[in-house]
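Have a go at each task before reading its solution.

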Amino acid sequence: ALAGLIAAQVVFWLFTFPANRATANWTVQPANWEELRRSWEYSHLGGAAFQVFAFAMLVIAVLRRRVD
């Protein structure tokens, strides 16, 4: 679960944040905005996938926990 959350953060800081910064949080339209938008959208998809994975691993860990 922790690895999934860390991976989601890595995706955010490597792809989402630079796109937000380059467009001033989408208030400025640079020349390559289409490429930035695509990168931004796919980074959200990847980050969400890692977060779903992390949540699933946490749920599985809780359900498999043994009470002795």
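**Exercise 1: a loop threonine**

Thr23 has a relative accessibility of 0%, so it counts as buried (buried is under 20% relative accessible area, exposed over 50%, partly exposed in between, with a 1.4 Å probe and protein chains only). Before going on, note that this is a predicted model, where local features need pLDDT of at least 70 and side-chain atom pairs pLDDT 80 or more, while totals for chains, interfaces and linings use all residues. Residues are numbered from 1 along each chain as its sequence is written, and side-chain values use heavy atoms, leaving out hydrogens and water.

Task: where does Thr23 sit, and what does Thr23 touch?

Solution. 
- Step 1: Thr23 is in the loop between α1 (2-22) and α2 (helices are DSSP runs of H or I with at least four residues, numbered from the N terminus).
- Step 2: list the neighbours. Leaving out residues up to four places away in sequence, Thr23 touches Val28, Pro30 and Leu36 (contact means heavy atoms within 4.5 Å).
- Step 3: check the side chain. It reaches the backbone oxygen of Asn20 at 3.3 Å.

**Exercise 2: checking α1**

Task: work out what span the 21 residues of α1 should have, then find where α1 has a kink.

Solution. 
- Step 1: get the expected span, which is 1.5 Å times one less than the number of residues.
- Step 2: look for the kink. α1 has one of about 40°, centred on Phe12 (the bend at a residue is the angle between axes fitted to the seven residues ending there and the seven starting there).
- Step 3: pick out the buried residues of α1, among them Gly4, Val11 and Asn20. The buried residues of α1 pack against α2.
- Step 4: see what follows. Ala24 comes after α1 and has a positive phi, near 50°.

**Exercise 3: the salt bridge**

Task: which residue forms a salt bridge with Arg37?

Solution. 
- Step 1: count. The structure holds 1 salt bridge (a side-chain nitrogen of Lys or Arg within 4 Å of a carboxyl oxygen of Asp or Glu).
- Step 2: name the partner. Arg37 pairs with Glu41, and the closest N and O atoms are 2.7 Å apart.
- Step 3: explain the spacing. Arg37 and Glu41 are 4 residues apart in helix α2, so about one helical turn separates them.
- Step 4: Arg37 is partly exposed at 36% relative accessible area, and Glu41 is partly exposed at 39%.

Note on methods. Helix = DSSP H or I, 4+ residues; strand = E, 2+ residues; numbered from the N terminus. Polar contact = N/O pair within 3.5 Å; in protein donor to acceptor, adjacent residues only side chain to side chain.
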